[in-house]
Amino acid sequence: MAIAEQAEQGIHIGRLLHASTAGCVVGCRVSQSEVPEFGALVRIPLQKGYQIFGLIYDIHIEEDGLVRQLVTAENVPDDVIMDNRVNRNAPVEISVLHVGYSQQEKIYHMLPPRPPLSLDALYPCEPVSACGFSSAGRFGYFRHVLRAEDLPIGELLAAHIRLSNEYHRAQGETHWASDAVQELIILLRDDYPTLMAVLSALTDAGIE
């Protein structure tokens, strides 16, 4: 990728460790303040105007050999802690659920036709990009979250809607969150336990 293209993409979060059409795991080396948020929308730009969108559903920090030694030490210097966080042997692992893709600037709330490859870069979605994806169509990407197994569906949707609502409100779109909640109520009308879990998480996140 050319330098000009890299500048346009922004600063990447990390690079792919492994992936499928349903999701991917990314390894990164970041400070605590730079770790992306649970529920954030991210993207993986590929070639020929094709990019994949996903939601962060887990951030996993594995131990490495030095950490096991440091946790039992007394008075660990701050510079040693910072060095370990920046120069970790084991990367921070970010798990991403694929929720759509775009091709030549047209957005599809469908699973991507092909997965990204190892070492492809993951980027945060800027507010304009996040709003463009989340307002395309009629919240079709919610179904990928609702059918995902072993995920905290209520917490994930609440975190995502809270973050996205901030972006939409900044652009003067005040009804996006209420429209999203109404769509979830329709989608979950036959699944009362999941609906109650989602609505409870939304209430805790300040979304009503």
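A: Let's start with the rings. Rings of Phe, Tyr and Trp (its six-membered ring) pair if their centres lie within 6.5 Å; planes under 30 degrees apart count as stacked, over 60 as edge-to-face and the rest as tilted. By this rule there are seven aromatic pairs here. One of them is Tyr50 with Tyr101, an edge-to-face pair with 5.9 Å centre to centre and 65° between the planes. Before we go on: this is a predicted model, where local features need pLDDT of at least 70 and side-chain atom pairs count only at pLDDT 80 or more, while totals for chains, interfaces and linings use all residues. Residues are numbered from 1 along each chain as its sequence is written, and side-chain values use heavy atoms, with hydrogens and water left out.

Q: Where do Tyr50 and Tyr101 sit along the chain?

A: For elements, the convention is that helices (H or I, at least four residues) and strands (E, at least two) are DSSP runs, numbered from the N terminus. Tyr50 belongs to strand β4 (residues 50-61) and Tyr101 to strand β5 (residues 92-103), so their pair ties together parts that are 51 residues apart in sequence.

Q: Is Tyr50 buried or exposed? And what about Tyr101?

A: Buried means under 20% relative accessible area, exposed over 50%, and partly exposed in between (1.4 Å probe, protein chains only). Tyr50 has a relative accessible area of 2%, so Tyr50 is buried. Tyr101 counts as buried too, at 11% relative accessibility.

Q: Which class does the pair of Phe133 and Tyr141 fall into?

A: A pair of aromatic rings is described by the distance of the centres and the angle of the planes. For Phe133 and Tyr141 the centres are 5.1 Å apart and the planes are at 55°, so this pair is tilted. Phe133 is buried at 0% relative accessibility, and Tyr141 is buried with a relative accessible area of 0%. Both rings belong to one aromatic cluster, formed by Phe53, Phe133, Phe139, Tyr141, Phe142 and Trp176.

Q: Which charges sit over rings?

A: The test is that NZ of Lys or CZ of Arg is within 6 Å of the ring centre and within 35 degrees of the ring normal. Back at Tyr50, Arg114 lies over the face of the ring, at 4.2 Å from the ring centre. The charged end of Lys106 sits over the ring of Tyr108, 5.6 Å from the centre of that ring.

Q: How many bridges join β4 to β5?

A: Two strands pair if DSSP finds at least two bridges between them. Strands β4 and β5 run antiparallel and are joined by eleven bridges; there, Ile52 has Tyr101 in β5 as its bridge partner. On β4 there is also strand β3 (residues 41-45), antiparallel to β4 and joined to it by five bridges. One of the bridge partners is Gln51 in β4, for Pro45. The β3-β4 hairpin has four residues between the strands, and Lys48 takes a positive phi near 60°.

Q: What stands opposite Arg15?

A: Ala121 in β7, and Gly27 in β2. Strand β1 (residues 14-19) runs antiparallel to strand β7 (residues 121-124), with two bridges between them. With strand β2 (residues 23-28), β1 pairs in the antiparallel sense over four bridges, and a hairpin of three residues joins β1 to β2.
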